[in-house]
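Subject: Two-chain model, handover and findings

Dear colleague,

Please find below the model that I am passing on to you, followed by what was found in it. I have kept the cut-offs beside the terms, and I would be glad if you read them together.

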Protein chains: 2
Amino acid sequence: MIDLKDKLSQKGLKVTPQRISILEAIYSLNHPTADDITRHIRQQHSNIATGTVYKVLEKFIEKGLIKKITTDKDVIRYDGLLTHHHHLHSTESVLIKDYIDEELDKLLTDYFNKKRLNDFKIEEISLQIKGKFLNNQMGVEYE
Amino acid sequence: MIDLKDKLSQKGLKVTPQRISILEAIYSLNHPTADDITRHIRQQHSNIATGTVYKVLEKFIEKGLIKKITTDKDVIRYDGLLTHHHHLHSTESVLIKDYIDEELDKLLTDYFNKKRLNDFKIEEISLQIKGKFLNNQMGVEYE
DNA sequence: GTATGTGCAAACTTTTTGCACTTCG
DNA sequence: CGAAGTGCAAAAAGTTTGCACATAC
């Protein structure tokens, strides 16, 4: 909790109950939508306006606290993991898992250092890996 | 034109003027949105209902004629390129370019054949490469 | 105290849906 | 002719906005 307040003030953001709740929601939910976040907070205790949720999320992105992620399935989702990573997307459900692999990142960096693209300056590469979660990992739903 | 009709009937779809126009629009525009497609068709000559556009696009996806692509910028876009490829996303505009690289695909396949992921069966890997288009390639707008 | 943040409701954008009518094969 | 596709307009879903009030610092 203290940690969350620090994160906010470190970015020069005023610490409000709404912002703490939203940040907490992002960390405890798996790549939630704005609506997932709103429902999570309302379930806990406090009310929050949907407009506030969108405004706060936009502010968080602007300050680099979170990122947007998209899928070809549905709406915008939010990701609180800031270290560089990729995503495993289920082809069977809306489940998305983070995938961190520095060895892979090095492989890609080396590859694109050799093979320069014409007229394009790469800033960031992220893999969207689609497939099936095996065992009992699939079908996990938010909330 | 004959080509487009063939593409439709090969997939067991009835050939209608609307479907031909939509397919033609996807091929001539660069990763258009549904609205880009609608405006393109209306500009050409014929009218078309927005509902029809969405229904037809859904049908095309179902039959594997096109794919959806998403960005964290805006709405759903459609892609008529069926061979496996990746995307270069401009960080300065909405421009997206296709990127085909079989050598890279082989590298990735080999990598993931060795390094198996726990409990995840990979079906497809697509790279979202963000960066800047240099020279006069940037700022190209649809329409 | 002042700048910033929030709630609320209205508006906007994108996408979906139902149903009568039309068209393809 | 029958199944499938289209137009239209209404509705749903997701997101943005303006403004009065509230709160953090």
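Before the arrangement of the elements is described, a definition is needed: helices (H or I, at least four residues) and strands (E, at least two) are DSSP runs, numbered from the N terminus. This is a predicted model, in which local features need pLDDT of at least 70 and side-chain atom pairs count only at pLDDT 80 or more, while totals for chains, interfaces and linings use all residues. Residues are numbered from 1 along each chain as its sequence is written, chains are lettered from A and ligands numbered from 1 in the order in which they are written, and side-chain values use heavy atoms, with hydrogens and water left out.

Six strands form an open sheet with mixed pairing, in the order 4(A)-3(A)-5(A)-5(B)-3(B)-4(B); two strands pair if DSSP finds at least two bridges between them. Strand 4 (96-99) of chain A and strand 4 (96-99) of chain B stand at the edges, each with a single partner strand, so one side of each is left without a neighbour in the sheet. From one strand to the next the twist averages 25°, with axes taken as lines fitted to C-alpha atoms (for helices over the stretch in contact) and angles running from 0 to 180 degrees between N-to-C directions.

Within chain A, strand 3 (residues 86-90) pairs with strand 5 (residues 120-133) in the parallel sense over four bridges, and Ser90(A) stands opposite Gly131(A) in strand 5. Strand 3 and strand 4 of chain A run antiparallel and are joined by four bridges, and they form a hairpin with five residues between them.

Helix 5 (residues 102-114) of chain B lies across strand 4 and strand 5 of chain A together with strand 3 (86-90), strand 4 and strand 5 of chain B, running at about 140° to strand 5 of chain B.

Finally, the interface. Here 35 residues of chain A are in contact with 35 residues of chain B, and the area buried between the two chains is about 3400 Å², of which carbon and sulfur atoms give 57%; buried area is the accessible area (1.4 Å probe) that two parts lose on being put together, summed over both. Tyr111(A), Asp119(A) and Phe120(A) supply 19% of the area that chain A buries against chain B, more than any other three residues.

Across this interface the rule finds four salt bridges, each a side-chain nitrogen of Lys or Arg within 4 Å of a carboxyl oxygen of Asp or Glu. Lys115(B) forms a salt bridge with Glu103(A), the closest N and O atoms being 3.4 Å apart. Lys115(B) lies in the loop between helix 5 and strand 5 of chain B and Glu103(A) in helix 5 of chain A, so the pair joins two chains.

Methods: Contact = heavy atoms within 4.5 Å.
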